[in-house]
Amino acid sequence: QAQTTMAALAFCVAIIGTTISSMLKRLSDINKKIGQDVNQNNSLEDLPPPHLTFGAVASYHVEYVLSFLFLSLVKPITYGTCDAIRRLGIIISGRRMFGGEKFSMINFFGIGLALLGALCYSILSSISKS
């Protein structure tokens, strides 16, 4: 009950924030068309489109609620391992989708270490169940 309430409240706050920022951007665009540039530093220009923000917020909160459901089905250490692999996937796919600096050797070492740890955990937990 508490997790659902917390997720719903955070979802509402994010939607309200997205709506306000979208309205401010539209106001800024209207003012520019009229010739009154109210926003001198163009910080609103850097905001993502509202539909993309809404989709990201919705996806995050669905994942957040599902993680609590998943946590009740598995042991905490299993959840931690799956969460580490999920984060690793997010980092790698984010780098691939949005670009940025190339991975350094230390990054590759960390990725390999995380995958090796997950593999070792999986093998050892399978052996201990047998």
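**Figure 1. Overall content of the predicted protein model.** Of the 130 residues in the protein, 12% are buried. The structure is a predicted model, in which the protein has 4 helices and 0 strands, and reading along the sequence gives the pattern α-α-α-α. The accessible surface of the protein amounts to about 10100 Å², and 70% of this surface belongs to carbon and sulfur atoms.

**Figure 2. Confidence of the prediction along the protein.** The protein has a mean pLDDT of 76, with 83% of its residues reaching 70 or more. Confidence is lowest in helix H1, which covers residues 2-34 and has a mean of 72, whereas the highest value, 86, belongs to helix H4, covering residues 105-129.

Figure 3. The structure holds 2 salt bridges, and Asp83, Arg86 and Arg87 are linked by salt bridges in a network. In one of these bridges the side chain of Asp83 meets that of Arg86 at 2.6 Å, N to O; in the other, the side chain of Asp83 meets that of Arg87 at 3.2 Å, N to O. Arg86 and Asp83 are 3 residues apart in helix H3 (residues 76-98), so about one helical turn separates them. Arg87 and Asp83 are 4 residues apart in helix H3, and they too are separated by about one helical turn. Asp83 counts as buried because its relative accessibility is 13%, under the cut-off of 20%, whereas Arg86, at 32% relative accessibility, counts as partly exposed.

**Figure 4. Aromatic pairs Phe70–Tyr79 and Phe103–Phe108.** A pair of aromatic rings is described by the distance of the centres and the angle of the planes. The structure holds 2 aromatic pairs. In the pair of Phe70 and Tyr79, the ring centres are 6.0 Å apart and the planes stand at 45 degrees, so this pair is tilted. Phe103 and Phe108 form an edge-to-face pair, with 5.8 Å from centre to centre and 70 degrees between the planes. Phe103, at 25% relative accessibility, counts as partly exposed, as does Phe108 at 48%.

**Figure 5. Nonpolar surface patch that includes Leu113 of helix H4.** Phe109, Leu113, Leu116, Leu119, Ile123, Leu124 and Ile127 make a nonpolar surface patch of about 740 Å². Within this group, Leu113 has its place in helix H4, and with a relative accessible area of 48% Leu113 is partly exposed. Helix H4, which spans residues 105-129, is also the helix in which confidence is highest, at 86.

Figure 6. Pro50 is found in helix H2, which comprises residues 50-71, and Pro50 is partly exposed, with a relative accessible area of 33%. When its neighbours within four places in sequence are left aside, Pro50 is in contact with Thr18 and Ser22. Although Pro50 and Ser22 are 28 residues apart in sequence, the spacing between them is 6.1 Å, C-alpha to C-alpha.

Figure 7. Not counting residues up to four places away in sequence, Thr81 touches Ala118 and Tyr121. Helix H3, covering residues 76-98, also holds Arg86 and Asp83, whose side chains meet in a salt bridge.

Methods
Residues are numbered from 1 along each chain as its sequence is written. This is a predicted model: local features need pLDDT of at least 70, side-chain atom pairs count only at pLDDT 80 or more; totals for chains, interfaces and linings use all residues. Side-chain values use heavy atoms; hydrogens and water are left out. A salt bridge is a side-chain nitrogen of Lys or Arg within 4 Å of a carboxyl oxygen of Asp or Glu. Helices (H or I, at least four residues) and strands (E, at least two) are DSSP runs, numbered from the N terminus. Buried means under 20% relative accessible area, exposed over 50%, partly exposed in between (1.4 Å probe, protein chains only). pLDDT is the predictor's confidence in each residue, from 0 to 100. Patches are made of residues with over 30% relative accessible area and no salt bridge: like charges are joined within 9 Å, nonpolar side chains (Val, Leu, Ile, Met, Phe, Trp, Tyr) within 5 Å. Accessible areas come from the Shrake-Rupley method with a 1.4 Å probe; for residues, only the protein chains shown count as cover. Contact means heavy atoms within 4.5 Å. Rings of Phe, Tyr and Trp (its six-membered ring) pair if their centres lie within 6.5 Å; planes under 30 degrees apart count as stacked, over 60 as edge-to-face and the rest as tilted.
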